[in-house]
Amino acid sequence: MSSSEDESQVQQTLTSEDDETVVPEGRDEAHSKAVAELSDDKLESLYNSGGEWETRKISIMGVVKRFISQLSYGQDLTRIAFPSEFLNPYSILELAGVRYLSRFESLMIANTQAEPAQRMLHTVHYYLATLFQSKMYRKPYNPVVGESHYCFSEQRGSNTQFIAEQVTHHPPVSAFHINNDKDSIEVEGIISFGVKFHMNSVTVGTAGNLRVSLHRHHEDYIFNKSIPDLLIKNVVLGTRQTKWQKTVEVECKQSGCKCKITFTDSGSSEKIEGVITKDGKTQLKFEGSLDDEIYYFAETDEEETLFISEEQIPNAKVIYPVQLDPYPSMKVWRQVTKCIMANNMTGADAAKREVEEEQRTRVKAGEDDKKERKYFIYNNDLKTWVYKPGTFSLPPS
């Protein structure tokens, strides 16, 4: 369908659909408890808590009318104020904290492998585990400049710490660092994205590397994208679908291993395939679906071994200490989150405007132009943000 046909269909629907938001009947006990706990001093991210808000039905037309005038075909949506109906009740920094921490055990397993190709395989397992069965039907909050988030997890008797900071707002760039001293594993990444509207779909083009360091093996694994590109289909009309797109490449110069991961939309499933090479020679291949199972096999033996399934994905509990920084994610968006969970979207929009207006004031004063933050600094040689060693330690519990 052409862009003009898309636009015509959207406009026709805008004039024919009811404006009323469909409010779900009742609130279950878990949802009511979650809303109440937002008033407590100890905050926890709602990323993994679940609740009625995840499947809440809304009238798309009731909210599209509030911002459709801001849109044009191919427009960058990072500068558009999204109605709260389209938002998840957590920040991008919170999302990264849960995804990258809860799956960290995959890297502990990679650390125990004797063969370089197997270490690459299990490092890729970590990356894919952060994407497995991941559906982004709503958008996380776009962090304000200077916003931070930290948390930790306990896995296999060791402590893994996560710190993230929003280093710029336009363009939106999030930097994060993960460290496990006992196992000598370090992860550092940049999440940067551009979102474009195509009438009935949205494309999310991502940028920023992910580095996984297995210091016991003196190896760095560089992923050319911390998150793959994403396509969200049927945003306005039809059943919404999210699909990872294109390719991600990984290289470990120290071992000579490389991996190319290809994401393919095969209709109802998300097909994935990959090839691991060492010094240019194929060692392992893997294929399957991010919605179901992925298998790997050696180049010389096509007998398949289960690589990734729902049962094999680590899912460690993420723990949140007291947030003491000036702009912690869970406090910056606290009122917005409370309103979204209570299905008070008018209140959520008002609270969101307050957060954004405060940021505009700081940006006008030059806050967005800084090249050094509390935990990260811009490296002119590398052309990216890097962690400032020793700047973060967990506050006393």
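**Note on charges and contacts in a predicted model**

1. Glu-303 has a relative accessible area of 59%, so this residue counts as exposed. Its place is in strand 16. The structure discussed here is a predicted model.

2. Glu-303 belongs to a negative surface patch, together with Glu-273, Glu-287, Asp-301, Glu-302 and Glu-304. Strand 16, which covers residues 301-308, gives the most to this patch, with 4 residues.

3. The loop between strand 16 and helix 7 (329-332) holds Pro-321. Pro-321 has 10% relative accessibility and therefore counts as buried.

4. Strand 3 (residues 148-155) contains Ser-153. With 0% relative accessibility, Ser-153 is buried. The side chain of Ser-153 makes a polar contact of 2.7 Å with the side chain of Gln-155.

5. Across the whole structure, 16 salt bridges are found. One of them joins Lys-246 and Asp-229, with 3.6 Å between the closest N and O atoms. Because Lys-246 is in strand 11 (residues 241-252) and Asp-229 in strand 10 (residues 229-233), this pair ties together parts that are 17 residues apart in sequence. Lys-246 is exposed at 53% relative accessibility, whereas Asp-229 is buried at 8%.

6. A salt bridge also forms between Lys-374 and Asp-325, whose closest N and O atoms are 2.7 Å apart. This pair links distant parts of the chain, 49 residues apart: Lys-374 sits in the loop between helix 9 (345-364) and strand 17 (376-379), and Asp-325 in the loop between strand 16 and helix 7. Lys-374 counts as partly exposed, at 45% relative accessibility. Asp-325 has a relative accessible area of 9% and is buried.

7. Glu-372 and Lys-388 meet through their side chains in a salt bridge of 2.9 Å, N to O. Glu-372 lies in the loop between helix 9 and strand 17, and Lys-388 in the segment after strand 18 (384-387), so the pair ties together parts 16 residues apart in sequence. Glu-372 is partly exposed, with 45% relative accessibility. Lys-388 is buried, with a relative accessible area of 16%.

Definitions and conventions:
Residues numbered from 1 in each chain as written. Predicted model: local features only at pLDDT ≥ 70, side-chain atom pairs only at ≥ 80, totals over all residues. Heavy atoms only, no water. Patch = residues over 30% accessible without salt bridge, like charges linked within 9 Å, V, L, I, M, F, W, Y side chains within 5 Å. Areas by Shrake-Rupley, 256 points an atom, 1.4 Å probe, with all protein chains shown as cover. Salt bridge = Lys/Arg side-chain N within 4 Å of Asp/Glu carboxyl O. Lys, Arg positive; Asp, Glu negative; His and termini not counted. Charge placed at Lys NZ, Arg CZ, Asp CG, Glu CD. Helix = DSSP H or I, 4+ residues; strand = E, 2+ residues; numbered from the N terminus. Buried < 20%, exposed > 50% of the residue type's maximum accessible area, 1.4 Å probe, protein only. Polar contact = N/O pair within 3.5 Å; in protein donor to acceptor, adjacent residues only side chain to side chain.
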